[in-house]
Amino acid sequence: MDERAAVTPVNLLEYEAAARAVVPQGLFEFIAGGAEDEVSLRENRAAFGRWRLLPRVMRGVTEPATATTVLGQPVSLPVLVSPMGLHRLAHADGEYATAAAAKAVGTIFCLSCAASCAVEQVAARAGGWWFQIYLMDDRGLTLDLVRRAEAAGAAAISLTVDVPVRGRREADERNRFALPPGTTMPNLLSRVGDADPADYFALAKWDAAITWADLDWLVSSTRLPVVVKGILAPEDARLAVEHGAKAIQVSNHGGRQLDSAVGSLDALPAVVEAVDGMAEVVLDGGVRRGTDVLKALALGARAVLIGRPVLYGLATAGEAGVARVFEMLRQELVIDMMLCGLEDLGAITPSLVVPALR
Ligand code: FNR
């Protein structure tokens with residue numbers, strides 16, 4: 001049960017209001033907000049509205065199967081946890097709860113290097129998990145993190161490439177957002193040195209000089225498959241594959257980085273075409289409905305990832321809240337698959353979607 005929630009959500013979109021009711025305003029705005037005018041944040045949702053489904057009928061589908069694989073790893077539904085820092089902002093159990101929920105649900109948890117719990121301890125509670133890094137100016141420290149993730153059992157390394165500088169999130173400036181006492185980024189502490197652990201802005205500063213040669217370096221430094229997160233341009237998707245990426249995560253960072261960047265789903269078709277089957281393509285940004293999942297898969301995504309709803313579920317009811325978010329989305333997906341005549345995800349083809357008429 002959602003013990004802390006004032007409203008009982010019936011879908012993922014309503015989780016935002018439920019979380020707002022239980023999280024202090026400054027924290028809520030840190031999680032919910034986007035950069036500048038939040039155009040890209042809205043575009044992520046709007047992009048799904050630009051497509052309609054063309055269902056097939058009379059196919060005798062009674063129990064649609066939602067399972068698939070991502071980078072060879074089985075998942076019970078094509079929805080993964082996108083990396084986000086600082087889950088303890090949402091709930092004291094932080095990443096421990098999210099990892100355990102993802103394991104119970106049967107999906108992959110992508111753990112951020114900016115997590116509020118240590119890699120090894122999260123790994124002990126996780127099922128399949130990936131580890132997301134930013135490239136730090138000190139490559140030695142970056143490599144230390146990769147080695148820790150490998151030793152702890154990560155199945156992939158995700159390199160986020162859309163944060164050469166932090167986007168301007170004006171709500172955080174207005175609220176003078178700082179980490180509450182006791183919330184830190186333990187995996188990055190060796191890097192922080194004397195910096196104030198409450199100074200989020202000092203901590204979250206990555207190497208702006210990142211180039212494709214750094215992807216070569218990372219790919220040659222780890223035995224794990226590398227996912228490149230934060231790709232929108234088809235040319236970049238192609239370059240990422242040429243430099244060794246095994247998966248591309250199409251993303252505008254939930255509208256938190258470059259404002260006016262295209263919505264993720266709008267960017268997806270050209271990326272899929274450019275990648276041409278040489279890597280898996282996944283997408284995050286604004287996925288809230290079972291029908292969103294179907295649209296993304298019909299446009300060529302292998303799977304999708306969700307961000308904020310995970311933190312909202314966590315805020316309202318810890319591990320159970322995160323599991324509930326996934327089960328809600330799974331239930332929707334099952335109904336939507338039945339309504340589309342899809343017995344499994346392999347039955348999804350491009351003809352499932354048509355552009356919405358204006
Ligand atoms: C993020 N995101 C993110 N991405 C990443 O690669 N590393 C990180 O540490 C974080 N941290 C983070 C914190 C918070 C509070 C949010 C909301 C997001 C971006 C995240 O992985 C993802 O791209 C978007 O959140 C997906 O969009 P939705 O589902 O939130 O619309």
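## Helix α4

In this predicted model, helix α4 covers residues 94-105. Its 12 residues extend 17 Å from the first C-alpha to the last, close to the 16 Å expected at 1.5 Å a residue. Directly after α4, G106 adopts a positive phi of about 90°.

Helix α4 is largely enclosed by the rest of the structure, because 10 of its 12 residues are buried. The buried positions are G94, E95, Y96, A97, T98, A99, A100, A101, A102 and V105. Among the elements that cover these buried residues are the strands β4 (79-81) and β5 (109-112), together with the helices α5 (119-123) and α14 (308-340).

## Helices α11 and α12

Helix α11 (residues 234-242) and helix α12 (residues 264-275) have axes that come within 8 Å of each other and cross at roughly 35°. The crossing of α11 past α12 is right-handed. On the side of α11, the contact is formed by P234, A237, R238 and V241, and on the side of α12 by A270, V271, A274 and V275. By class, the residues of this contact comprise seven nonpolar, no polar and one charged.

## Strands β8 and β9

Strand β8 (residues 226-231) runs parallel to β9, and four bridges join the two strands. Within this pair, I231 is placed opposite V250 of β9.

In a regular strand, side chains alternate between the two faces of the sheet. Strand β9 (residues 247-250) has A247 and Q249 pointing one way, while I248 and V250 point the other way. All of these residues of β9 are buried.

Conventions
Residues numbered from 1 in each chain as written. Predicted model: local features only at pLDDT ≥ 70, side-chain atom pairs only at ≥ 80, totals over all residues. Heavy atoms only, no water. Expected span 1.5 Å × (residues − 1). Buried < 20%, exposed > 50% of the residue type's maximum accessible area, 1.4 Å probe, protein only. Contact = heavy atoms within 4.5 Å. Axes fitted to C-alpha atoms, helices over the stretch in contact; angles between N-to-C directions. Left-handed = near helix turned anticlockwise from the far one by under 90°. Nonpolar A, V, L, I, M, F, W, Y, C, P; charged D, E, K, R; others polar. Pairing = 2+ DSSP bridges.
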